[in-house]
Structures are given as structure tokens and as C-alpha cells.
Amino acid sequence: MKNMIDLMKHSSCFSKKPLEIYVFIDPLCPECWALEPVLKKLRLEYGVYFRLRHVLIGKLSNLNDIPKKREAIADYWEKTASRTGMSCDGSLWIENPITSPYIVSIAIKAAELQGKKQGLRFLRKVQELVFLEKRNISDIQILVDCAKGASIDVDEFLHDIHSESAAKAFQCDLKITSEMEVTESPSLVFFNEHIEDEGLKISGLYSYDIYVQVLQEMLGKEPSPLPLPPLEEFLKYFGFVASKEIAVVYDLPVHEAEKELKKLVLQQKVRKIEGKHGSFWKYIN
């Protein structure tokens, strides 16, 4: 099983993967947050067949400070959390509203300048602080906290966030979004490098099996999924995950997943953290 985690760590080394999947997200979109379990399971079971490329859609970057709009967003967050099982707290938009979503997108692109993996770690930290801790990530100090949590060079990050390079990278994402006619987040566009046809676009959030079906269709065959790593190894690799993520990855009801997790709590390997709409689990090094 160890080889599976090693494969994820070094997945960028596999340059001849037949598929490329563009993942269009907005960092403040709760349905994009709810896509996380699906992406984890896809990477674990079928990651040898594709490369992922995250693209920021900028859907929420035009928010303005209108109370009724903030209330609508808060309600949308709460309903999405209840429906998907990926906890988020909509009261952020009432108590501590994000005033500049644009800077969040720029910050993610600045983090990506230090490497793809660094950028993804930073994005995850942003999502955790927003959806779980209700932090206003348009505050530069909160973004610095994200950088520290993602183990990226803070001085370089602070330089890049004000650079033309980060702004151009975000504009490039918006151009790709427009060219591929993506209007909804999340959206996934599948490409096969051996086929000249247009990519296959899946707009919205669906169950895991739908994405597997698309993967099979694009490959033209039914690939065998790789074995999943032991639960403790999964937790050690990702560090901080939701009950829902574990339930989806291991195909378990949430209550069964939590039974297994409680065993690791008793062994003092994991700490439970309560969210508003579900639990999270932090691996203890």
C-alpha cells in the first residue's frame, strides 16, 4: 500500500498519462469544497491515468457589500453543507464577510508560483480557514497564516502576491474559463491527448461513479482501480480530513467511517475536530 501514497507524492513524474482533467473551481464555493472527497478518491484509484489542472473560475470574485446578497450566500452555504456532508459555516458572511474575494484568487496563484503541489496545499488551507474557521481570508495576515500552514516560503509568497506574474496567472485562468465556456463551479473537463475531439465537460457536483464513468469513456476501456491505502496511512498523508471524505474514499456510511476513526483516537494517532455540519480528523505526528 505504501507504493500508492508514494505514487501520489510523485504523480507529477508520470508525464505520459493519457488524460488531462481541468478542474474549474472557485475557492469560496461550497460545492467546490464538497468536490474534495471525489477528487481524493479519483487520485487514489485512477491517478495513474490522468493529470489534474486546477483553474480558478472567479465566479464569486464580483461580490459586493450588499447585505441581502451576503444573507443569500450564507443560506446557500448552509444548505450545501447539509446536502453534501462537507461542513461549512455560512454565518461567516453575516459576522465576518469576505470583502475582497479577488485577492484570494491572486494569493492562490502566487502560491502556485512556488510549485503545483504548494499551490494545492495553499488552496486547501484557504478552504479550511474559510469554511471551518470562518476566517476572513481577504486579510493579508490570514493569507500569510495559510502560507505558513501550507509550508511555502512566506517572503516569496508576499512578494509574488503583489507581482504581475500572479495577476497574469489569474487572468490566464479566466481566459481558459471563457474559452472552454465554463459557467458553473465546480466543472471538470476531460481531455484525451490521443484524441483530437473536444473535451468532455461535466458541470456541477455529482456522485463519484459519474466521474468514473466519464473517465472510462475517455479512456475507451474499463481500468481497474488501484487498491486504497490503509486508513491511518491516508490520514497521515493528507493530515486533516472530513468524515465525509473518508466515507466517500472508503465507500462507507459516515457513521461506520467514524467508528474506525475513533479507534485511532483511542490510540492517540488522530484528534477529532467538530465542524458545524460534520466532523474533521487531524493526524497527530
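Hi everyone, thanks for coming. One thing before I start: the model is predicted, so please hear every value that follows as computed from that model.

Let's begin with the rings. How many aromatic pairs does the structure hold? There are 12, and I'd like to walk you through two of them.

My opening example is Trp-33 with Phe-131. Their ring centres are 5.4 Å apart and the planes meet at 20°, so this pair is stacked, given that anything under 30 degrees counts that way. Where do these two residues sit in the chain? Trp-33 belongs to helix H2, residues 30-34, while Phe-131 belongs to helix H7, residues 116-131. Are they buried or exposed? Trp-33 and Phe-131 are both buried.

Now for the second example, Phe-234 and Phe-238. Here the ring centres lie 4.8 Å apart with the planes at 55°, so we call the pair tilted. Both residues are in helix H12, which covers residues 231-238, and because they are four residues apart, about one helical turn separates them. Phe-234 has a relative accessible area of 0%, so this residue is buried.

Together with Trp-77, Trp-93, Phe-240 and Phe-280, they form one aromatic cluster.

Let me zoom out to the domains. The protein is divided into domain 1, residues 15-178, and domain 2, residues 229-281. Taken over C-alpha atoms, the domain centres are separated by 23 Å.

What does the interface look like in numbers? On the domain 1 side, 20 residues are in contact with 17 residues of domain 2. The area buried between the two domains is about 1500 Å², and carbon and sulfur atoms give 65% of that. There is charge pairing as well: four salt bridges are counted between domain 1 and domain 2. I'll also show you the salt bridge where the side chains of Asp-89 and Lys-276 meet, at 3.3 Å from N to O.

That's my tour, and I'm happy to take questions.

How values were computed: Residues numbered from 1 in each chain as written. Predicted model: local features only at pLDDT ≥ 70, side-chain atom pairs only at ≥ 80, totals over all residues. Heavy atoms only, no water. Phe/Tyr/Trp six-rings, centres within 6.5 Å; stacked < 30°, edge-to-face > 60°. Buried < 20%, exposed > 50% of the residue type's maximum accessible area, 1.4 Å probe, protein only. Domains from an automatic or database assignment. Contact = heavy atoms within 4.5 Å. Buried area = accessible area lost by both parts, 1.4 Å probe.
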